[in-house]
Amino acid sequence: MTPHLSRRTLLLASAAAAVAPAVLPGAASAATRAASGAPYAAYWYPDSFPAGTPGPGITWRSLKAWRAEDDADLAFNSATVPLARRFTPVPVNTTARAGQARIQSLVSFAPTAGNPSQGSATADHYALTHWSYLDELVFWGGSSGEGLVLAPNAPVVDAAHRHGVPVLGSVFLPPVAYGGDLRWTRDLVQKDSFGRFPLAERLVAVAAAYGFDGWFINAETGGGDAELAADMTGFLKELTALGRPKGLRVCWYDSMTVSGSVSWQGALNDRNRPFFQAADSMFVDFRWSRSTLAASGRTAEQLGRSRYALWAGVDVEANGWNRSVDWDAIIPVNTPDVVSLGFYRPEWTRNHLPAGRTPAQFHAADDRFWSGQSLDPSRPAPGDPWRAPALAVADRSTVDTLPFATVFNTGHGLRWYERGKVTSDAPWNHLGVQDRMPSRQWVVRTTGQRPTVAYDFGDAWHGGSSLLVGGTLTAPTTLDLYACRLPLTADTVVELVHRSESAGVTVELALATAEPAGPGQPHPYTYVPLAAPGRGWTTTTVRLTGLSGTVRALGVRLTGTGGPVTWRLGSLAVRDKAAQNPSAPAGLRITAAAGGDLRFAWQPAPGAVRHHTLHRVLPDGTRRFLGATCQRAYFVPGLRPEQGESAARFELRAVGELYTASTPVTATHPW
């Protein structure tokens, strides 16, 4: 086992086995939260448990015993956003390819136990925004002392689905050296009296109930034999067959071999071929070489499979973009891609930053990882040894239906804003309310000095962030924002909410109804002048008179008239009908209370609803934001009576795609 594998297994299998999970800033202990009814992402053992008793804040559960009707947290953990369809626009550079290598990411968002179902009270979170380069995300984790089967939490799935990215849960059977027990492997592949695999059916039922897209199977417990390997192959076949009608995927990790031993091959070969044939794809262990990947691709095609169903593992957990990688073994520059690319732990972009890191620092690092050293996919930095995904894989978009709106909300923030006003000064994260993010961060076209472009958390129109452009503009500067396929009608309008924090900038809407002439070429934009932005938020509505066809790209053009520019975009919307308020939800009620820890539930409103917001109405009549969710239940911890308050009052609203809100439904909680 190589050193990076030792770190990986140690982290997942032993670090949390005997201690309570880490406590987020400002939160109660895991044990206290569990006792008060806080919901968490689900995790199980296949069937039997370890010896002894679970540690603080850990609950041992059997997957075999799970039933949806008995799951008290199902409403908190079930994703509601359907998997969006995607299209591939003309690439912004000449190196990114469509239809060849794809990217899978294995991401650990939190510990196995104590992973909040619906976000938490901190802005320090891996709030990925570069979804356009991902083909698949694996909700990575597992621990011999907590649980081995992880269902992704709803915020991750909802955010990924909004961008067209499937999410897989993980099954981790750890090495014996790190707490693994071969009986858990035998539990997983046990058969009933009819020769069927009951836990394969259970995994499909979990994915269907929770709304995610399949499973990543990682069997690294040694000591098996050929009979166990045959059972594992049969289990994979049944899991794949049962899941396929429901749109589920199964990915196999290069670990167990046909002899039943664990021997990481770094290749697709005769020792692991049956597992690959039984699944939809395979993550090739980090031991690959140029020759083994080339041979693996050929083997996949000989089996009638795509070579791009193989993910060549690249471990970035320790060094991120400083990792030395033989890129030409996977995604060569001058010949077709060999196989696909599998990133292990790209949340390094957050984790390597020092304590006290800010959301802005995280996004700066994440932009560097995904877009490259230049921070602009259309202008690759010469000599950068890190072959950023944006330079290798064509981006994709889901912006193809009206109405479309974004408030550039990244899914975490230092405060919560509504119509430019702070309605909560508490930090937060909840990926489920993240917007569809710009697919190319950040393409800036200018003959002059390039300004900085970034998500900013110091002010927002709605949510927790806005888009900030700053610098001295020595020439007109166009910022590409969204590749899209939005139908134009006589009634189509574009609405922007923006503000200038400096004098001397003119702003134009950039809109293209045709594709670029070729990869790396600019869009043929039409520029529509906007009213001059004020120091406060300014709403501008643009009618697209004289244009027809399909909107292929949206952006803005800024021109400076002297001095540094600081300009902020808070909202961008395209619609062909007047914004309508959604219908109100119904039946808001408090289903459980322990002191000031409350569980809420309701019936969703009919029609299109983006998410729900929950506010507390204070005695003076002001509203304080408590949270937002795409689910039909929400948990609020640690509420206390206000002075002179005999009962707390709450309002729940449905929020539509254009960020209009319904009338409220109310509930009270007596103190």
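Begin the tour by selecting arginine 350, which counts as buried because its relative accessibility is 18%, under the 20% cut-off for that class. The model on screen is a predicted one.

**Stop 1: a salt bridge from arginine 350**

The side chains of arginine 350 and aspartate 124 meet in a salt bridge, with 2.9 Å from N to O. Arginine 350 belongs to helix α10 (residues 348-351), whereas aspartate 124 sits in the loop between β2 (103-107) and β3 (136-139); the two are 226 residues apart. Aspartate 124 counts as partly exposed, at 26% relative accessibility. Side chains of opposite charge can pair when their charged atoms come close.

**Stop 2: further salt bridges**

Select arginine 623 and glutamate 418 next. Their closest N and O atoms are 3.8 Å apart in a salt bridge. Arginine 623 lies in strand β30 (residues 623-629) and glutamate 418 in strand β13 (residues 416-418), so this pair ties together parts that are 205 residues apart in sequence. Arginine 623 is partly exposed, at 34%, while glutamate 418 is buried, at 13%.

Then move to aspartate 435 and arginine 610, which form a salt bridge with closest N and O atoms 3.3 Å apart. Are these two residues buried or exposed? Aspartate 435 is buried, with a relative accessible area of 0%, and arginine 610 is buried as well, at 5%.

For a network of salt bridges, select Arg102, Asp135, Glu136, Arg249 and Arg396, which are linked in this way. The whole structure contains 40 salt bridges.

**Stop 3: the nonpolar cores**

Which residues have the most contacts inside the largest nonpolar core? Select Leu137, Trp215, Met232, Phe235, Trp252 and Phe343 to display them; this core has 100 residues. Helix α6 (residues 198-210) supplies its largest share, 7 residues. Around phenylalanine 343, the contacts beyond four places in sequence include Ile103, Leu106, Trp327, Phe369 and Trp386. A second, separate core has 37 residues, among them Leu467, Val469, Val556 and Val565.

**Stop 4: an open sheet**

Finally, display the open sheet of 5 strands, ordered β16-β20-β25-β22-β23 with antiparallel pairing. The edge strands are β16 (444-446) and β23 (526-529); each has a single partner strand, so one side of each is left without a neighbour in the sheet. From one strand to the next, the twist averages 30°. Within the sheet, select β22 (residues 505-512) and β25 (residues 550-560), which are joined by 8 bridges. Alanine 512 has alanine 553 in β25 as its bridge partner.

How values were computed:
Residues numbered from 1 in each chain as written. Predicted model: local features only at pLDDT ≥ 70, side-chain atom pairs only at ≥ 80, totals over all residues. Heavy atoms only, no water. Pairing = 2+ DSSP bridges. Helix = DSSP H or I, 4+ residues; strand = E, 2+ residues; numbered from the N terminus. Axes fitted to C-alpha atoms, helices over the stretch in contact; angles between N-to-C directions. Core = buried A, V, L, I, M, F, W, Y, C linked by side-chain atoms within 4.5 Å. Buried < 20%, exposed > 50% of the residue type's maximum accessible area, 1.4 Å probe, protein only. Contact = heavy atoms within 4.5 Å. Salt bridge = Lys/Arg side-chain N within 4 Å of Asp/Glu carboxyl O.
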